[in-house]
Amino acid sequence: MSRYIALRLLQAIGVLWAAYTVSFLVLYALPGDPARLLAGPDATDVTAAQLDTLRAQFGLDKPLVVQYIEHLGALLRGDLGTSLPTGRPVAELIGEAIPSTLQIAALGLLLAVLVGGGLALAATFTRHRGLGQLLLALPPIGVAVPGFWFALLLIQWFSFGIPLFPAVGNQGFASVVLPAITLALPTGATIAQLLSKSLVTTLREPYIDTAWAKGAGPGRVHLRHALRNAALPALTVTGLIVGQLLSGTVVTETVFSRPGLGRVTATAVAQQDIPVVQGIVLFAAAVFVVTNLLVDLVYPLLDPRIVIRKRRLPRVRVAATAGASR
Amino acid sequence: MTDTTALAAESARASTGRGTAHDDTFATTSADRFADAAASREAGSIVEEPSAPTAADGRTGRVRRLLATGVQHPGTVLAAVWIVLVLVSTVAPGLFTSQDPLVGVPAEKLTGPSPAHWLGTDQLGRDLYTRVVFGSALTLQAALIAVGIGLAVGSVLGLLAGFVGRWVDDVVMRIADVLLAIPSLLLSLALITVLGFGTVNVAIAVGLGSVATVSRIMRSEVIRVRNAVYIEAAFASGNRWSRVLFRHVLPNSAGPVLVLAALEFGTAILAVSALSFLGYGAQPPAPEWGSLIATGRNFLTTAWWLTTLPGVVIALTVLSANALSRALDSEGRRVR
């Protein structure tokens, strides 16, 4: 077990290193002049000498390989660099933004799991064919709706129409509700689609017939027998879902004028603040990697058929790659 | 189109093949047999006599089957019609409206939907319906460029990984793994940071953001096809690898990638309009679906139609693209 965890940790570190490399290549090695970006989008009259000073200041005059190694070394010490317009450490900027984002992301995830899961269960549970079809038609709509538009509709209905929740800001619980609903929409729709699909296949399995034959009621068959198995495939995409929530905050926090990771990202992109953008990308990759690691470790607890053995891990390998692939 | 020609060639080969067997000139080695088949196929396409009726039969049967599926799935038909209408509006917006998207009548500013202005007017008295119609050009062109880039780069990488295998496969797929660890919107945002703002840059960024998914699906399809017996046969009959790749592997593994393309089209529309909404894409006064909604945001309390109605158009378009993708998918599975 500990050997398995160590192996997975090494893999996780490998992915993070690769994510750093990819983001470095995209942000520093693509054709384009980082120094000109540093000077700012409006700086049209910078002289070549000024650009050279900037390059020297940020180490951009060194060869790419040297820059790459220097950045990597700083990263290992936990230093993500400094934001260009504000001059503050990137790690600090991200750290400050996390709590506010965590509030809406946590509530959003909760809503998504409850509503999405509930929808999938209700659609397979109902005896009424038309109602089931109607419920199954909802998730595709949820996936197709633009998040920023949905957020504006919510503001229009529940802030201006019926003044229930504030339209902007981060004061108290009421201000968390609408952003959380916005984040929950695509995520909940994804969960509902996955779960309803896997519930339908699970309910066709012979052991479900056995459960019916033994006299289990519909509630017991669905919740106790079918849901437990059907939820496992949905669990493997947790990493994807968390990533979806994280990228959803960019639009959501902009619309609701909330501070948080999404706002930091949007501002950094608008100001072409390369170190902050790289920090956010690395943070997202880290969240994805950690989530998948946790899912892989939790998986055997939920599905006793999966056993982490000392040497050969056939089934776990399948679960791990499935998690990483999406 | 390729399907029907392949079908005609198939039937021609079958019928003339029977003839040659009867004439006792059946080739013995596999290479000869291949040359034989190629020759008879050429002969068949010139003569065309035995194959013509079967091909025509196949075509009417196909049309009838298409109609039957259409009646069974009215939603798919509606989705296809909507997508066609929207696509036509990108090249010929004049067919749908006679007004100018950039010139408004100040006296009619911020009026709600009416017979004169189907979707109402904006703060400068411009007709919103006209702006949505003209806006489809920017949004959909960006989405199409994005899908094109994603498909082209992703397919090449997936094809290489699946067909060559070994270390190429390992390298490409590890890179894809890493790219999948970063949410695609964040990846697009990182690319925009470097490339700068503008519709084309947004399109490139969104397209590159989808490369990993496409390459993964292409690779799994190529591997499925590559292990098929007919690929072995194609190699055994002395084909060069390039011919096997382009003539056998690529056409047979393209199906699921096309399904993905329809899906990615919808995703790209969402991503492009979201990025434009954030202000990284088309700049006003150019009409673009995302930035139309961004402008309407300032008039939420007074003019609901400025945000609501363009959003409905985006949602319907994405919904249609997804529905088409699903229909293609189930059709592909049925055929296979």
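A: A residue counts as buried under 20% relative accessible area, as exposed over 50%, and as partly exposed in between (1.4 Å probe, protein chains only). Phe197(B) has a relative accessible area of 35%, so Phe197(B) is partly exposed. This is a predicted model, in which local features need pLDDT of at least 70 and side-chain atom pairs count only at pLDDT 80 or more, while totals for chains, interfaces and linings use all residues. Residues are numbered from 1 along each chain as its sequence is written, chains are lettered from A and ligands numbered from 1 in the order in which they are written, and side-chain values use heavy atoms, with hydrogens and water left out.

Q: Where in chain B is Phe197(B) found?

A: Helices (H or I, at least four residues) and strands (E, at least two) are DSSP runs, numbered from the N terminus. Phe197(B) belongs to the loop that joins helix H7 (184-195) to helix H8 (199-209) of chain B.

Q: Which residues is Phe197(B) in contact with, leaving aside its neighbours within four places in sequence?

A: Contact means heavy atoms within 4.5 Å. With those neighbours left aside, Phe197(B) is in contact with Val269(A) and Ala270(A) from chain A, and with Ile192(B), Gly279(B) and Tyr280(B) from chain B. Ser276(B), 79 residues from Phe197(B) in sequence, is 9.4 Å from it in space, C-alpha to C-alpha.

Q: How many helices and strands does each chain have?

A: Chain B has 13 helices and zero strands; chain A has 14 helices and zero strands.

Q: How is the interface of the two chains to be read?

A: The size of an interface is often given as the accessible area lost when the parts come together. Buried area is that loss (1.4 Å probe), summed over both parts. Chain A and chain B bury about 3700 Å² between them, with 79% on carbon and sulfur atoms. Helices of chain A that give two or more residues to the side touching chain B include H1 (2-29), H6 (129-144) and H13 (274-302). In total, 44 residues of chain A and 41 residues of chain B take part in the contact.

Q: How many salt bridges does the rule find across this interface?

A: A salt bridge is a side-chain nitrogen of Lys or Arg within 4 Å of a carboxyl oxygen of Asp or Glu. The rule finds zero between chain A and chain B.

Q: Which residues of chain B does the UniProt annotation "transmembrane region" cover?

A: UniProt positions follow the numbering used here, feature names are shortened, and annotations may be inferred rather than shown by experiment. The unreviewed entry gives several ranges for chain B, among them 138-163 and 302-324. In the model, residues 138-163 of chain B are 100% helix and 0% strand, with end C-alpha atoms 37 Å apart. Residues 302-324 of chain B are 87% helix and 0% strand, and their end C-alpha atoms are 37 Å apart.

Methods. Buried area is the accessible area (1.4 Å probe) that two parts lose on being put together, summed over both.
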